[in-house]
Amino acid sequence: MEQKKKLGILLVILSVLLLISGTFAWFSFTQRAINDRSGNINFEEVGRLHDYFDRASGNKDVFAENFGDAPILVRVKLLEYMEINGESLVQADPQEVEDGNAVQPIKEDTGTWTPWTPEASGNTVGQRVGPGAVFNARARWTVGWNPRAATDGSGQLNAPYFMPTFNRARDNHKTAAAGDGRDWTQSGEEADTSASPNGTNAGADATGVTHPGNGTDGYWNNGSTATSLLGTPPDTEAGTHTALQTVIQDQPVMLLSQWNALPVRDRVGNFWVVDPQTGWAYWANLLFPEEATSFLLDQANFATSGIRGDYYYGIKAVANMVANTDGDVSALWDEAPENHSDLAKQLVDEVRNGLPILGEMTPGQTFSMRGTQYRYLENKGEGNHLVISHRGPSVAWNTIPGINSYNGSTADLAARSWHDNLPSVIRRQVQPVQKEFTGTGPDAYAQGNVSGWVGDHGALSGVVPWIGTPGLNIDLNHAAFTNALRNDFAEVDPSGERKAFVLSLAEVNHLSGPGKAYPTLASRLQTLEGTRTPFNAERPWLIGNHSGIIVLVNQVNNAVPHISGIALILRDQDGAWNSNI
């Protein structure tokens with residue numbers, strides 16, 4: 001009897017405490033693949049939605065990972081629900097609900113929760129607008145990723161670390177939920193976390209926590225390792241995983257209207273774009289295998305001051321991750337009765353066509369990538385292709401004292417800088433080439449008596465060993481040319497570096513002639529002004545800026561020759577960008 005009395009008193013005390021402090025639970029929910037709701041799509045999930053949450057600090061990391069073998073398109077919707085004393089803060093007009101133009105949020109039906117739809121604020125997003133504006137006073141979010149100091153003291157952290165999923169089952173849509181984050185079971189009922197409410201030593205019954213980690217900011221660092229948290233399928237991939245970094249965020253989270261105002265070259269990249277009509281946030285790039293997006297949500301704090309009574313606030317994260325195929329992408333627009341904006345469809349179309357299919361091009365064909373014109377030069381084999389910008393920046397051959405080679409020269413540094421400022425969708429396809437080019441210094445200087453090759457005013461004499469049309473091709477078998485010069489070709493080198501470069505004399509010679517990238521003298525004027533190959537210590541081999549002829553120019557009044565035309569070796573998207581699942 002005494003024990004029952006004590007228990008009754010304890011229950012009363014607990015009830016009072018609940019009335020004062022409220023109950024507060026935040027959850028992540030099972031991601032839903034397109035084929036869950038559309039019978040004609042046969043695509044297995046190869047992406048995993050991550051949700052790391054720490055209730056004490058408000059850290060809330062929501063992002064997506066591609067664990068498959070083909071690029072995917074990703075969109076995520078964040079929905080919210082809050083009630084005080086059992087009444088939803090969002091109250092839809094009953095007549096609008098009856099007419100089918102609005103939905104009354106209900107706690108138990110997460111499909112009725114309110115999508116996060118922010119307003120524009122500078123170059124990013126700000127407060128919620130629409131029905132969700134009532135949450136602004138209580139739920140304060142930080143979206144996107146801002147560089148910060150690493151928690152392990154290793155310095156500036158430009159992209160956060162995460163632990164790759166242990167659940168690589170393609171027919172399972174469970175989230176990777178860590179810390180205070182909870183996955184919602186596929187039945188739609190709240191997950192049973194009774195075995196381990198705080199997520200430690202979770203075990204098979206604690207289905208709400210599916211991923212290791214405590215959900216705090218910077219929990220994972222460089223070199224961190226972990227094993228699967230759960231011991232039952234599908235969260236049982238054998239072995240130890242090592243933390244990886246997400247991709248580096250190119251731009252802050254923005255609205256579709258802000259995205260549409262960007263220059264064309266910047267509209268495909270590693271950042272999130274929100275459609276305020278539906279609440280879907282689109283990853284503005286294809287997500288490649290073994291990559292993870294930057295954070296869509298980084299922090300979610302909740303203010304309780306002034307609340308009297310029992311309260312609840314929840315965040316639901318839903319992801320669609322589909323293959324880059326016409327059928328799967330069509331399902332994005334057809335599978336749900338949502339008012340998708342034309343701009344959202346345009347964004348997805350631009351992401352899908354971020355790069356042309358280079359394997360279908362012919363030498364000399366011109367094309368555009370993210371607003372810049374290029375010329376296709378050559379198929380290098382194994383899916384690699386040589387291209388060059390149209391003219392590109394005209395830069396001095398070299399003005400750095402002590403440099404007697406293209407390597408490390410003014411021209412070399414300018415080409416590298418040009419590459420580093422390319423849109424990320426292009427940079428990711430750039431293949432590494434040799435770190436230093438041979439045949440670009442004294443080893444390439446012309447040999448023997450070649451003084452007559454350059455006239456008083458830079459005119460070429462007949463001594464130069466032409467083949468066919470003067471100036472179009474040079475006979476590189478002539479004794480004046482070194483083997484280093486003849487063999488100076490940029491090639492894919494896995495141990496090299498990703499960079500842009502100026503073509504060599506040997507490459508220009510190789511690419512000139514009938515059926516090639518430069519079939520005539522005039523064709524070279526569109527992209528070339530010089531080469532990376534020196535004739536001697538003072539001058540490189542150039543392209544006549546009016547004739548297209550390969551020329552040598554005397555230095556007049558110590559003038560430094562200028563060159564332009566910057567090349568890249570790109571990995572083709574054909575076969576790599578389309579899912580073959």
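## Burial and confidence

Buried here means under 20% relative accessible area. By that cut-off, both Y406 and F437 are buried.

The model is predicted. Its mean pLDDT is 82, and 83% of the residues reach 70 or more. Where pLDDT is low, the predicted coordinates should not be read in detail.

## Aromatic pairs

A pair of aromatic rings is described by the distance of the centres and the angle of the planes. The model holds 20 aromatic pairs. One of them joins W113 and Y312: the ring centres are 6.5 Å apart and the planes stand at 70°, so this pair is edge-to-face. W113 sits in the loop between helix 2 (94–98) and strand 5 (114–115), while Y312 belongs to strand 21 (residues 311–323), so the pair ties together parts 199 residues apart in sequence. W113 is buried because its relative accessible area is 3%, under the 20% cut-off. Y312, at 7%, counts as buried too.

A second pair is Y406 with F437. Their ring centres lie 6.1 Å apart and their planes meet at 55°, so the pair is tilted. This pair also links distant parts of the chain, 31 residues apart. Y406 is in the loop between strand 25 (395–396) and helix 6 (410–420). F437 is in the loop between strand 26 (432–433) and helix 8 (483–486).

## Cluster and charges over rings

Five aromatic residues form one cluster: Y52, F63, W145, F162 and F295.

Lysines sit over two rings. K60 lies over the face of F53, 4.9 Å from the ring centre. K107 lies over the face of Y312, at 4.1 Å from the ring centre. Y312 thus has K107 over its face and W113 as its edge-to-face partner, because those two planes stand at 70°.

## A buried glutamate

E80 is found in strand 3. E80 is buried, with a relative accessible area of 1%. Which side chains does E80 meet in polar contacts? One is R128, at 2.8 Å. Another is Y313, at 2.5 Å.

## Helix 4

Helix 4 covers residues 326–334, and D328, V329, A331, L332 and W333 are buried in it. An α-helix has 3.6 residues a turn, so residues three or four places apart point the same way. What do the buried residues of helix 4 pack against? They meet strand 3 (72–84), strand 18 (280–283), strand 21 and helix 5 (342–352). Strand 3 is also the strand of E80.

## Nonpolar cores

The largest nonpolar core has 60 residues. Those with the most contacts inside it are Y374, W453, F501, L503, W541 and L568. Strand 33 (residues 566–571) gives the most to this core, with 5 residues.

Another core lies apart from it and has 35 residues, among them M82, A139, V247 and I315.

Key: Residues numbered from 1 in each chain as written. Predicted model: local features only at pLDDT ≥ 70, side-chain atom pairs only at ≥ 80, totals over all residues. Heavy atoms only, no water. Phe/Tyr/Trp six-rings, centres within 6.5 Å; stacked < 30°, edge-to-face > 60°. Helix = DSSP H or I, 4+ residues; strand = E, 2+ residues; numbered from the N terminus. Buried < 20%, exposed > 50% of the residue type's maximum accessible area, 1.4 Å probe, protein only. Lys NZ or Arg CZ within 6 Å of the ring centre and 35° of its normal. Contact = heavy atoms within 4.5 Å. pLDDT = per-residue confidence, 0-100. Polar contact = N/O pair within 3.5 Å; in protein donor to acceptor, adjacent residues only side chain to side chain. Core = buried A, V, L, I, M, F, W, Y, C linked by side-chain atoms within 4.5 Å.
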